[in-house]
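Could you walk me through this structure in my viewer? I would like to know what to select next and what I will find there.

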Amino acid sequence: MSSKESCPVVNIPCNLGKRHGITAAWFTEDKISVTAYSNKLLQSVNNRPPVNAPVKVTHLAPTFILDEPILRSLVSECSNVFLNLQVVKSSSPAASIDYLKISRTYRSAIRACLEKLEDLITNTKPRDLEQYQNYVTIFYSVEYIWHLVEILIVDSNSATAVVPNLLEWVQYHFPTANRMATELLQQGRDVDSNEEYWGVVKGLIIQGQIQVARALLRLHTKSEMVCFEVAEQILQTMPIYSAYGGLSVPKFKSQWQYWSANARSKIDAGILAAEPDLEEIVKLVVGDRQTWTEQCRYATSWFEYFPGYLFYTESTCKYYELGTFANTWLSQCISTGGMNATYKYLDKIILSVMENNLPQVLHNIQNICDNKWFLTHLVDLLYHCGQLTLSTGGTEDQDAEKLFRESLLYDFGTLLMSRNASLWEVGLDYLEFSSTEGLGAREALLARIPIRNEKQALKLISAAKKNNFPAVESEICKVLVKRNLANRLYGNALEWAIRSRDSFYVTAVANIFLEHYCNTGEIMCEDVIANVGAKMFCSPRLIFLVKYYDFRQFYRERSFAQAAELLINLLDSKITPSYFWPSLLADTIPLLEFKEPVIPTKETYTILHHLEWDLVPMIEKRKEQLKGAKTAAQQQQGQQQSQQMDTDEGDDNNQTLNAKFAPNLLNNCTDDLVKLLRLACTRNLARAFIIENTVAD
């Protein structure tokens with residue numbers, strides 16, 4: 001039977017589409033692209049639209065409902081159940097696992113989620129009331145189906161008898177009769193004065209709660225009449241089948257037929273005619289077809305009364321017989337009229353479960369708007385307990401169940417990691433136990449998660465380390481380097497650059513520190529540089545920065561000999577940035593002017609060597625550049641300078657890793673600095689020669 005469900009209507013703002021029609025095509029697995037102009041129009045040469053006409057493309061995708069905080073807590077809670085099952089199964093495959101307990105844990109999480117949603121609707125009246133009501137409808141349906149699958153498929157004892165479990169299922173999901181019976185029993189005598197009395201008793205009988213119904217009948221004011229005593233005897237002597245009662249099926253049916261014939265004879269004799277409601281109850285108990293058909297009109301769904309009907313007609317029913325009885329009962333309900341209009345999608349899935357048509361059940365579950373949360377967890381549970389049967393038995397289909405489960409885990413894990421920044425950790429767990437593609441997707445998706453703050457970045461890095469993704473850790477650090485540079489947090493930028501272990505980023509950030517010193521004479525974030533330690537070896541430029549900082553510290557502490565030794569080592573290290581030569585050589589002048597030389601003659605020659613071979617050529621090159629700039633076209637000089645200023649500002653704002661450097665010392669470096677250095681070296685050589693060549697007495 002086909003079901004006709006109402007579908008949501010999506011309005012697409014497209015004026016061209018109104019006039020010329022629209023065309024739709026699948027963009028991804030769960031996304032449709034819609035654009036203006038129908039296919040017929042595009043195929044017609046004469047009616048084709050202008051080439052330059054702007055056309056908008058609209059992407060339509062299912063709503064991601066798991067963003068809702070209550071549903072997000074459901075996902076997180078159930079992911080723990082899922083993860084525990086995978087860990088136990090992988091660590092000890094031969095271990096005995098209580099799958100019924102796991103299934104009930106899932107259902108308890110769903111029930112808790114439903115209670116939170118109902119409290120939210122009742123107490124707070126949210127703006128999107130209809131949306132939350134839809135959530136309740138979705139997860140009530142999920143709970144219906146999961147519970148039924150649990151008692152018929154997951155439960156290994158379902159092969160013996162299914163009717164007791166079905167009665168428990170219907171009592172759990174239709175608790176009105178049980179709840180009202182409790183209120184009537186608390187009331188005591190004269191309960192029959194309540195208008196709902198007989199309706200409650202019938203509801204209890206229909207759900208197979210014979211003992212509670214008898215207790216209510218004994219509270220009736222006419223309970224001592226003959227008709228009530230006869231009804232009590234019939235209900236008391238009714239045989240109830242139990243797979244563990246030691247009674248064979250043929251013998252039970254023989255007892256049932258004898259009891260049923262005796263009860264029918266009393267009905268036919270008119271003993272119960274004095275109380276029509278009581279007579280109707282006894283007719284329900286003996287399985288009178290006409291009476292049950294009349295009751296179908298009051299059912300909210302076709303399966304509400306079905307377990308009770310089986311209880312009084314086919315209580316020995318096995319699971320493989322359930323589909324036949326279900327279809328017979330459904331036809332019987334439809335014949336009463338009115339059921340056809342209320343046959344919903346949930347009813348279709350329930351019927352497929354009772355028919356033991358698992359592939360059809362899973363196919364129908366995919367259409368539930370829960371982002372495949374239900375399907376993923378149910379298939380995983382069925383797979384582990386050995387009840388997921390999709391293949392036909394051929395060799396080519398022997399891995400169908402495994403591939404189907406892995407594909408669902410891959411899709412669901414990818415969805416969580418790509419659609420929600422707070423559920424990416426859960427998505428990692430699902431991808432870990434999916435296919436080989438899922439293991440590769442974890443690394444790719446982890447690097448693409450939007451980073452909102454450093455706390456989240458630390459979580460991402462921790463996950464990357466745990467899963468041995470060094471490239472992801474480095475990428476996250478690089479993102480934070482750029483972000484901190486944009487916010488002018490240079491100390492944080494240096495720390496994240498070092499953590500990234502990327503020489504290019506470390507060098508770029510260290511350059512910013514050194515260039516800032518050239519311009520201002522101050523070292524930024526000294527506390528960060530002081531604690532770099534052995535991490536400085538990830539970049540030569542960082543080594544230079546740290547060692548130059550150490551030189552400055554020695555100088556401040558007046559350890560001039562150590563400062564001089566370190567400064568000479570820096571000059572000879574071959575890691576000095578070209579733009580830093582003026583600053584580095586200028587720092588030698590105070591040390592060269594000491595009356596008691598702290599720089600020996602050999603090291604003084606080293607300073608002169610770098611002066612003549614590094615600094616002087618740089619100054620000459622700078623002069624040539626300035627001379628070439630002056631000979632440029634003077635008419636456009638003002639315009640070019642203006643454009644150059646704009647370009648420099650744009651570079652400063654956009655290219656945070658390539659900070660523009662215009663060192664004041666280099667720009668203003670004249671022959672005076674060279675003369676001062678030569679003079680200081682000459683004076684130091686004179687003093688050093690005298691001291692070094694003086695023979696002590």
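Start by selecting Glu-593, which is partly exposed at 32% relative accessibility in this predicted model.

Staying with salt bridges, of which the count is 16, select Arg-111 and Glu-143, whose side chains meet at 2.8 Å, N to O. Arg-111 belongs to helix H4 and Glu-143 to helix H5, so the pair ties together parts 32 residues apart in sequence. Glu-143 is buried, at 0% relative accessibility.

Move on to Glu-526 and Arg-556, a salt bridge of 3.0 Å, N to O. Glu-526 sits in helix H26 and Arg-556 in helix H27, so this pair ties together parts 30 residues apart in sequence. Glu-526 is partly exposed at 23%, and Arg-556 is partly exposed at 46%.

For the last stops, turn to the backbone. Arg-558, in the loop between helix H27 and helix H28, has a positive phi of about 65 degrees although it is not a glycine. Arg-558 is exposed, with a relative accessible area of 62%. Finally, select Asn-356 in the loop between helix H16 and helix H17; its phi is positive too, near 60 degrees. Asn-356 is partly exposed, at 45%.

Methods: Residues numbered from 1 in each chain as written. Predicted model: local features only at pLDDT ≥ 70, side-chain atom pairs only at ≥ 80, totals over all residues. Heavy atoms only, no water. Helix = DSSP H or I, 4+ residues; strand = E, 2+ residues; numbered from the N terminus. Buried < 20%, exposed > 50% of the residue type's maximum accessible area, 1.4 Å probe, protein only. Salt bridge = Lys/Arg side-chain N within 4 Å of Asp/Glu carboxyl O.
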